Amino acid sequence: MSSDNGRPGGEPPHDPPAAGPAGGEQLALIRETVRAAKVPRARPRTWRGAPLAERLPVARVLVDKGLVHLDRYFDYAVPAAMDAEARPGVRVRVRFGAGERDGRREGGGLINGFVVERRADSDYPGTLAPLAQVLSPEPVLSPGLLALCRAVADRYAGALADVVQLAVPRRMARAEKKESPPAQPPPPAPDPGSWTRYPDGPGYLRALHAGAAPRAVWTALPGPEWPDELARALAATLAGGRGALAVLPDGRAAARVDAALTALAGPGHHVLLTADAGPEARYRRWLAVSRGAVRAVVGTRAAMFAPVRDLGLAALWEDGDSGHADERAPHPHAREVLTLRAAHEGAAFLLGGHGRTAEAAQLVRTGWARALAADRATVRATAPRVRTIGDGDEGRDPAARAARLPSLAWSTVRDALRRGPVLVQVPRRGYVPRLACERCRTPARCRHCAGPLEATGAAEALCCGWCGRTEPGWRCAECGGARLRGQVFGARRTAEELGRAFPAVPVRTSGRDHVLDTVGPAPALVVSTPGAEPVAEEGYAAALLLDGWAMLGRPDLRAGEETLRRWLGGAALVRPEPAGGTVVVVADPGLRPVQALVRWDPAGHAERELADRAELGFPPVSRMAAVSGPPEAVAGFLETVRLPADAEVLGPVGLPVPGPGGARPGGPPPGERWDRALIRVPPGTGAALAAALKAARAARLARRETAPVRIRVDPPDLG
């Protein structure tokens with residue numbers, strides 16, 4: 001842990017200060033601030049002249065300033081009135097900024113921070129500024145959580161303060177005043193339940209209960225049992241007297257595991273940490289974990305930092321879901337954070353999902369984790385029948401043509417509706433999100449910003465997807481045509497077409513604006529975007545996976561892997577083949593992800609994907625970082641950064657210029673041209689790459705270079 005200190009209460013120097021006097025000389029220097037004046041009243045603007053703490057009068061503080069050139073601790077004097085409250089881990093207010101008065105550096109604005117250590121002396125040679133206020137006596141930043149945040153910051157070339165902001169929730173005073181419930185005794189060990197379907201499943205639960213630390217990549221069988229299976233792993237860990245943590249991609253999945261664990265272990269053994277709870281309730285639950293009153297956590301991405309004591313199991317569901325990657329700097333991924341926790345805290349690890357990512361396959365290939373899967377006979381007995389049909393096969397029935405369905409898909413829906421609900425997965429939300437000229441096929445663009453035009457309804461005017469302006473009198477700029485055709489159809493348009501094709505059947509939609517949790521067993525058409533599929537009480541009779549080309553055709557290294565993951569997530573909700581469950585996927589049957597779905601072989605697809613990436617030198621076989629910004633800033637950064645000798649720079653290349661309203665977080669501002677360069681290093685050099693990027697970024701900030709340069713380690717979009 002770094003202990004370099006800047007100037008307390010002022011601007012840090014560019015060079016770290018030399019070690020100052022220690023022991024009695026330093027203590028005398030600190031006590032130089034003591035005056036004969038009266039002790040200041042509580043919470044004054046400055047504690048200058050106040051008596052200092054008799055024992056350990058120096059507080060080492062992490063200031064809440066997420067800048068890499070300030071990524072160090074700062075020493076402050078502890079007034080005697082704060083001695084009892086200024087413990088390691090508490091929140092404080094300190095003065096931070098440059099100012100001169102009577103030969104002393106003081107002044108500056110008040111800023112929040114955390115006390116990380118109390119010391120008898122400081123290596124800063126000057127007079128220390130005192131703490132301004134202890135915001136709360138609650139120690140929220142434990143040594144273990146601080147060490148995890150430091151490891152994450154180092155891995156992602158980020159500032160420690162930024163990671164701590166992600167790890168420690170915002171303070172709610174009313175929640176801190178409430179006592180947490182007393183800790184409950186461990187629950188009884190659960191029986192294996194449906195884990196018996198996996199040859200190594202019961203043994204994995206026994207190892208968790210015995211206090212061992214098995215690490216597994218779990219390929220879950222299709223069907224609704226996975227929340228109960230994950231809950232049994234958590235309950236087995238609790239029964240062994242250790243803590244457990246499960247991170248899910250969204251609140252719906254977390255709620256299912258929460259309900260399953262409550263049914264197994266009873267209430268009071270765990271908390272649910274999701275944004276739906278609200279800030280105060282979420283903070284109250286987080287405090288119960290921090291205080292040791294609760295030993296298990298089920299939650300979404302932010303729960304990866306939950307301060308579970310004596311962690312025995314770190315579990316993650318669907319690591320390929322984009323919801324596990326934080327969009328705030330330094331963009332940690334829940335999979336990497338939990339692998340760090342498992343390694344540093346000696347905990348077991350469980351990475352589960354219906355699919356398998358290349359990163360999960362890498363964990364198995366290197367031996368860091370073992371595969372946990374069912375045999376082929378069990379897979380065939382639980383998976384639905386999967387049939388394929390090419391995108392260009394048009395249905396011969398008029399109703400099939402009206403619904404954009406090939407005849408095989410139409411007949412499958414018709415037959416399945418006699419037995420229950422049918423799921424229709426559409427990759428895009430909205431009505432018609434992409435349009436083109438009917439005559440020359442030129443994409444329809446906005447006249448103001450060149451953004452893509454989309455239809456938001458059958459009788460509504462065209463609207464720009466970037467700037468939001470309407471386009472009532474569109475004409476093609478190439479041929480002058482005034483008629484449009486849809487290139488991509490959204491969930492709303494698909495639901496409208498299916499309603500015309502099957503007029504006697506209710507049609508329900510589930511997407512970002514309105515997500516259904518469950519549907520009943522009655523016949524119905526459920527049109528959903530990937531990830532928003534509701535669970536059918538008795539399973540879907542059939543599922544249609546439409547417009548496979550829209551997902552497989554994306555210019556992204558992960559397109560095939562992500563498409564298969566989404567298909568498996570929808571198909572897993574369908575009844576098994578012996579019960580009549582059928583899945584029809586509309587995509588080229590010869591493509592690798594389609595064949596993996598037909599065979600229900602996500603592990604084989606991940607292994608082949610990993611082999612391809614190894615041949616190309618792409619992650620996860622290598623470590624990679626993206627550097628983006630204005631062209632001159634990126635070029636200057638690459639010239640000054642001291643990369644490892646085996647680093648390879650790819651690019652820079654220009655990024656698409658976004659129109660008004662089309663900019664992504666962390667990307668180019670509207671109308672501005674940015675470049676991006678990828679830096680690749682072989683395994684074992686990732687830490688050196690992160691350190692070099694962090695040092696170069698800190699040097700730019702110290703030189704006050706204003707042109708933005710964005711750095712992202714392990715970028716999700718490699719193109």
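Strands β8 (residues 215–219) and β13 (residues 348–353) pair in the parallel sense. Five bridges join them. In one of these pairings, A216 has L350 of β13 as its bridge partner. The model is a predicted one.

Seven strands make up an open sheet, and the pairing is parallel. The order runs β10-β11-β9-β12-β13-β8-β14. At the edges sit β10 (270–273) and β14 (370–372), each of which pairs on one side only. From one strand to the next, the twist averages 15°.

A helix covers part of this sheet. Helix α9 (residues 334–345) lies across β9 (243–247), β12 (311–317) and β13. Its direction is at about 160° to β12.

Now turn to a helix pair. Two packed helices are described by the angle between their axes and the distance between the axes. Helix α2 spans residues 143–155, and helix α3 spans residues 160–167. They pack at an angle of about 125°, and their axes are 9 Å apart. An angle from 65 to 115 degrees would count as roughly perpendicular, and one over 145 as roughly antiparallel. The two helices are therefore oblique to each other. The crossing of α2 past α3 is right-handed.

Which residues of α2 and α3 meet? From α2 come L145, L146, C149, R150, V152 and A153. From α3 come L160, V163, V164 and A167. By class, the residues of this contact divide into nine nonpolar, one charged and no polar.

Conventions:
Residues numbered from 1 in each chain as written. Predicted model: local features only at pLDDT ≥ 70, side-chain atom pairs only at ≥ 80, totals over all residues. Heavy atoms only, no water. Axes fitted to C-alpha atoms, helices over the stretch in contact; angles between N-to-C directions. Helix = DSSP H or I, 4+ residues; strand = E, 2+ residues; numbered from the N terminus. Parallel < 35°, antiparallel > 145°, perpendicular 65-115°, else oblique. Left-handed = near helix turned anticlockwise from the far one by under 90°. Contact = heavy atoms within 4.5 Å. Nonpolar A, V, L, I, M, F, W, Y, C, P; charged D, E, K, R; others polar. Pairing = 2+ DSSP bridges.
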